[in-house]
Amino acid sequence: MGIPAGERICSKIDEIAGELWRTSLFLHEHPETGYKEFQARDALVRAASSYGFEVAEGAGGVGTAFRAERSGAAQGPKVAFLAEYDALPEIGHACGHNLIASASLGAAAALGSLADELSGSVLLVGTPAEEGGGGKLRLIEGGVFKDVDFALMFHPGVKNLICRTTLARRAISVEFRGVKAHSKESWKGVDALQAVLELFRMIDGFRSTMRDRTLIHGCVTDGGKIAGINDRAAAHFSVRARTMQDLEIAMERIRRAISAAEMVTGASATFVEGETLKERLPNRSMALRFREKLRALGEDASFPDAYEPAGSSDAGNLSHELPLIHPYLKITDRSISSHTEEFAEAAKSERAREVMILAAKALALTGYDLLTDHEFRRRAERDFKERIPCCSMGACDEEGGSR
Ligand SMILES: [Zn+2]
Ligand SMILES: [Zn+2]
């Protein structure tokens, strides 16, 4: 009897832990924002090649993306670990993506080292520009995930959480055109600013009838230049909702409010809607398996509170394409928020190093099960196909019941 695969996976990660941490710190010290992550890409591509992966750079036509693959002994499913590596302007790695990159690199390297005894492939996909760039949308469009069966990553945070969802999101910018008039003859004009103000009033009016967690935030981007009748005014709104259906309902009401503002004021509107981030649907079976691995490694994770605040992420769109998990592991005990200087500090701490190694192990062990446990794989696929919620609001069950 040889050494069990799980033990070999963990020893491999321990063996390369120094390299993984150096990569993580290198990214932290050289923060690059979305679509400009050249040094990060090069560092990860170099490392993946040294671990025996075949690397294709510029995956999906995105310059700073890559797709690294190590094929097993026979055909089988393709399991991808996702590496995010973009930083934020000014505050660097304040979302800790340096840790995501090195944990996924470690998981891929360790699981890949068993390739000769596996059916299927291990992938490391470099996914740029998560922070506002929608990098994963470009990679989906570019066919990077077409043949991929499962995707896994972890995200650093302030709590250990599985099954955390994110909100669907779309922005809309609207411009109203009116007729300029001098205030002494204001009745000759059509006030574009009035149309913007009417729009805000209507949105405030229907806010209370929106589904729970539908959030509409706006700003006036052009309120006119003079205190008279202005012929141009503009506003920008960010719309978030729990599901794509709720998002579409909110968008339709905003479009109708725009028409109503035109009708009331006589101004004419043009509007542009931005791209859509879909809500994230974490895969239930994979999330529970990840937690099992975490527990075996001496840590634990819980389901989020029903009202845990959630942002939006391009991983949401990917979770509509294939079974995906995106658990959170805490890198600090302080109750700080990501996207702050404190979080950037935490992302290079000793604690962050330990968590990154733990994440690499739990991800790799979950990936191993996906490649070798047919029954588990079938359940994960069924959860995905039937869109079985990982955790619906207020109905999170500690043992993952309610199915
Ligand atoms: Zn972030
Ligand atoms: Zn992030």
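Donors here are N, O and S atoms within 2.8 Å of the metal (3.2 Å for Na, K and Ca), and water is not among the atoms, so sites may look incomplete. Because the model is predicted, local features need pLDDT of at least 70 and side-chain atom pairs count only at pLDDT 80 or more, whereas totals for chains, interfaces and linings use all residues. Residues are numbered from 1 along each chain as its sequence is written, chains are lettered from A and ligands numbered from 1 in the order in which they are written, and side-chain values use heavy atoms, with hydrogens and water left out.

**Zinc site**
- The zinc ion (ligand 1) is coordinated at 2.0 to 2.2 Å by Cys95 (SG), Glu131 (OE) and His339 (NE2), with the donor residues spaced C-x35-E-x207-H in sequence.
- Cysteine 95 bridges the two zinc ions, ligand 1 and ligand 2, which lie 3.2 Å apart.
- Cysteine 95 sits in the loop between β3 (74–83) and α3 (97–112) and histidine 339 in the loop between β12 (328–330) and α9 (341–346), so the pair ties together parts that are 244 residues apart in sequence; helices (H or I, at least four residues) and strands (E, at least two) are DSSP runs, numbered from the N terminus.

**Pocket and cavity**
- On a 1 Å grid over the protein atoms alone, a cavity is a set of points where a 1.4 Å probe fits but cannot get out, a pocket is an open set with protein on both sides within 12 Å along at least five of seven lines, and lining residues have an atom within 4 Å of a point.
- The largest pocket is lined by 36 residues, and Cys95, Gly311, Ser312, Ser338 and His339 are those nearest its centre.
- Strand β6 gives the largest share of the lining of the largest pocket, three residues.
- The largest cavity is lined by Ile162, Cys163, Pro282, Ala287, Phe290, Ile325, His326 and Pro327.

**Six-stranded sheet**
- Six strands form an open sheet of mixed pairing in the order β1-β2-β4-β3-β5-β11, where two strands pair if DSSP finds at least two bridges between them.
- At the edges stand β1 (54–57) and β11 (324–325), each with a single partner strand, so one side of each is left without a neighbour in the sheet.
- Strand β4 (residues 119–126) and β3 pair in the parallel sense over seven bridges, and phenylalanine 81 stands opposite leucine 124 in β4.

**Four-stranded sheet**
- A further open sheet has four strands in the order β8-β9-β7-β10, with antiparallel pairing, and its edge strands, β8 (215–222) and β10 (268–273), each pair on one side only.
- Strand β7 (residues 168–177) is joined to β10 by six bridges, the two running antiparallel, and isoleucine 172 has glutamate 273 in β10 as its bridge partner.
- Helix α5 (residues 192–207) packs on this sheet and touches β7, β8 and β9 (232–241), contact meaning heavy atoms within 4.5 Å.

Conventions: Axes are lines fitted to C-alpha atoms, for helices over the stretch in contact, and angles run from 0 to 180 degrees between N-to-C directions.
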